[in-house]
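Q: I am new to this structure. Can you show me how to read its features, one at a time?

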Amino acid sequence: TLVHEMGHSLFAWLFGCWSVPAFDLRYGGGVALTSPRQSTAILACVYAGFVGMAWVSRRNTLALATAAVLAGLHAGIAFTGWRNIGFFSMGHGGELLFAALALYRGVAGKDTAHGLERLAYAGVGWFMVLHNLLFDWGLMTSGHERFWYGQAKGGGHWMDFDQIASRLGLSLELVAAGFFLAGVLTPFAAFLAFRYRSYVYAVIDRLQPR
C-alpha cells in the first residue's frame, strides 16, 4: 500500500502538485492526498532542476540533449491531460518499478551484505509482480471482480484503472491487460538491466559533466 501511494505522490510532486501518501482509515487500503491544482512554486523548482542539469553539463552535448528531451517530455505531460493519466498509472506502475529494482538487486547482489539479503529482495520483487498479475488477471477475466472494483471506496468507479479507462476511452479489461503485460515484462527488464549493466554504466558515464 505504501509503495503504491508513494508512486502516486512522487509523480504528483514531480509534475507540480503537493501530495502525501496515507492509509485510508475509512475504506481500507491507501490514498494519496493530492492537490487538484498545480503549484507554480513546485514547477519552478522542477524546471530549475532541468536548467541546473543543463548548466552543469554545458560542455557535454549528449547530456545537454538529454536534459532538453527530458524537459520537453515533462512539459508534454505536465501541461496536458496526460498528467492525470500518469498520476493514476503510477500506483500500480510504482509497484512494478519497485519490484524491478528489488529483482535487480536480488540478481546482482549490489550493495548487499549476504545471500539472505539478496533472497529477501528477490522475494519482495516476485511477490509484488505476482500480486499485480493476479489482480490484473481478475479484472481481465471476471465480471464479478470488475463489479467489486467499481464499488471500492464507496462506489463511483474512483479507482485507478477506472480513471485511466474513462480518460482514454478504453474498457477496464483493456487497461488491466496493459498492466498485466507490464507485469510480465518487469522480471525480464530487471534481468536485462543486470545482463547489460556494463552498457548502462557506460551511458551514465557519458552523461557525466565534463
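**Reading the model**

A: Start with the largest pocket: about 890 Å³ of space lies in it. Of the 36 residues lining this pocket, H4, E5, H8, G30 and D160 are the closest to its centre. Keep in mind that the model is predicted.

Q: Which elements each supply at least two residues of the lining of the largest pocket?

A: They are α1 (2-14), β2, α4, α5, α6 and α8. The most comes from α1, which gives six residues.

Q: How do I check the span of helix α9?

A: Count 1.5 Å a residue, using one less than the number of residues. Helix α9 covers residues 172-195, 24 residues, so it should span 34 Å. Its end C-alpha atoms are 35 Å apart, which agrees.

Q: Where does the kink in α9 lie?

A: Look at L185, shortly before the proline P187. The kink there is about 35°.

Q: Which residues of α9 are buried?

A: Buried means under 20% relative accessible area. In α9 that holds for L172, V175, A176, F179, G183, T186, P187 and A190. Their cover includes α4 (82-89), α5 (92-108), α6 (115-141), α7 (143-150) and α8 (160-168).

Q: Is D24 buried or exposed?

A: Apply the cut-off of under 20% again. D24 has a relative accessible area of 14%, so it is buried. This residue lies in the loop between β1 (19-23) and β2 (30-34).

Q: What does the side chain of D24 reach?

A: It reaches the backbone nitrogen of R26, at 3.0 Å. Leaving aside neighbours within four places in sequence, D24 is in contact with G29, G30, V31 and K153.

Methods: Residues are numbered from 1 along each chain as its sequence is written. This is a predicted model: local features need pLDDT of at least 70, side-chain atom pairs count only at pLDDT 80 or more; totals for chains, interfaces and linings use all residues. Side-chain values use heavy atoms; hydrogens and water are left out. Helices (H or I, at least four residues) and strands (E, at least two) are DSSP runs, numbered from the N terminus. The bend at a residue is the angle between axes fitted to the seven residues ending there and the seven starting there. Buried means under 20% relative accessible area, exposed over 50%, partly exposed in between (1.4 Å probe, protein chains only). Contact means heavy atoms within 4.5 Å. A polar contact is a pair of N or O atoms within 3.5 Å; within protein, one must be able to donate a hydrogen and the other to accept it, and residues adjacent in sequence count only if both atoms are side-chain atoms. On a 1 Å grid over the protein atoms alone, a cavity is a set of points where a 1.4 Å probe fits but cannot get out, and a pocket is an open set with protein on both sides within 12 Å along at least five of seven lines; lining residues have an atom within 4 Å of a point. Grid points are joined across faces, edges and corners, and a volume is the space filled by probe spheres set on the points.
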